[in-house]
Amino acid sequence: MLYIVYIIAIGSAMILGLILKLPLLPERPMRQSWTTSVIFPTAVLALGFTAMVSKLGYLTSANSNYLIALAIGVLTAIFSKFILERILPRPLQEESPDESQEVSP
Amino acid sequence: MALLEFINITYVSAAVVIIGSVGIIALPKPIDKVIMFGLLQGGFIGMIAAARYLDVAMAAAIFDPISTVILLIGITKLDEIRKKKQKQAQEEGFLV
Amino acid sequence: MNEVIGIIIAAVISWLNFVLIDTWMGLPEAPGVKGAEVIGRNIKKRGGDLAGGFFQGNIVCSPDASAGTLLASIGCYLIGTPEGGLIAAVLVFFGNRLCADPGYAGTTGALTITILIALTSYIGLTPIMFIAGMMIAILTIQGLYHPASSKLLGKIAQRMGRYTEIE
Amino acid sequence: MITEIVGIIVLFAAVRTLIAQDRSERMLYLNVIGFGMSALIALYIQTPFGAIIAITYFVASTLSSNAIAYSIGRVKDEIILDD
């Protein structure tokens, strides 16, 4: 019964992610790309946030469960589209020559 | 088998802290000292958690990498300055 | 089930889980950060293998599938069987991004070990056995004798087609 | 039983960290200490907040390991001034 909540959260997050024009899969080779896509990390984040809300005790009555799951999905899609790249930016490649130039004069 | 009674979190954390401080005193190079300081941080957080001060353990776990990074910045700058000064001294001695 | 037999079975399951997922996600191919390259070169200088050295250096420098396995077991033991693993997966993902790593290996390892714990609970394995088993598994990789373990990891990487091309 | 196994592993790794000859060998043993201490904390504090502390400590120790390994590559052989 509780697993319907997870399915609703993942489904709404993926659908809103596709509407917001996130790509469905990262480009190949998949294990080295930094692209924010629908499968990873949006679905994983939706699963984790739903588990957090469920363990904090907010999923009590059967009627409001589905609304809360829908809200979690929408917020997760907005988070991974607009905020995730801003609070956790992708790293710069090589910064060692700049620091040696700073020190030398 | 009476010795196995002493293997719990309190005694293990205290032993790790003692080993870490011995390493900080005994090893000569600065980066070895920083590595043993990382060992000491682990034992320290274990000692705090053994006394069940959970909020203090959380704050200590968050602030530990900041202190390590500040120490490493200091060591790197000091090493560059010393190498530059050594090279300057060699050049001046060569000129004289 | 007897506790000793359970710990041994859990150790074998966790070892296979994190080594296979880490190798499949390309840890022996290239050093992700610069510190991993230093550790890999040093292991090769002491008589080991370069791909296995990159594997061990990447485990040290960012939380990969080994960390995902241990933290998902802890979450399942203390929070609850499906939910703890999922929460651990999200926190491992944020930790991976802080350490300048894309984060595929950690979350995949956490999710697969959650499924494995949920499946093996029917034959009597509990999450606490997986914590001890993961400790034994990480001791055999990082703690005993580094040239032998790096050669073993290099052979597994060659078998799976993920061997390094850097000399 | 489980606490004894993890504790003996932690003590073994700590002693090998002290007597190791090389610098990056110490880093590998320090990683074992990170795994073992977070497992000990989770085994001792049996509440959900214990799991959060264990995860936070592990990620923080990995961050400091990352910084140390990066600066090992930059500082090769440092000059010691002993008076």
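Predicted model: local features only at pLDDT ≥ 70, side-chain atom pairs only at ≥ 80, totals over all residues.
The sulfur of C:C61 lies 8.4 Å from the closest cysteine sulfur, which belongs to C:C99, and this separation is too far for a bond. C:C99 is likewise in no disulfide, its nearest cysteine sulfur being that of C:C61.

**Cysteines and disulfides**
- A disulfide requires the two sulfur atoms to be within 2.5 Å; the sulfur of C:C61, at 8.4 Å from that of C:C99, is therefore too far away to form one.
- Over all chains, a search of the whole structure finds 0 disulfides.
- C:C61 counts as buried because its relative accessibility is 1%, a value to be read against the cut-off of under 20%.
- C:C99 is also buried, as its relative accessible area is 2%.

**D:N66 and its surroundings**
- In chain D, D:N66 is located in helix α3, which comprises residues 48-74.
- The relative accessibility of D:N66 is 12%, so this residue counts as buried.
- When residues up to four places away in sequence are not counted, D:N66 touches C:V33, C:C61 and C:C99.

**Chain pairing**
- There are 5 pairs of chains in contact, and among these chains C and D share the most contacts.
- Chain B and chain C, by contrast, do not touch, and their nearest C-alpha atoms are 12 Å apart.

Notes. Residues numbered from 1 in each chain as written. Chains lettered and ligands numbered in written order. Heavy atoms only, no water. Helix = DSSP H or I, 4+ residues; strand = E, 2+ residues; numbered from the N terminus. Buried < 20%, exposed > 50% of the residue type's maximum accessible area, 1.4 Å probe, protein only. Contact = heavy atoms within 4.5 Å.
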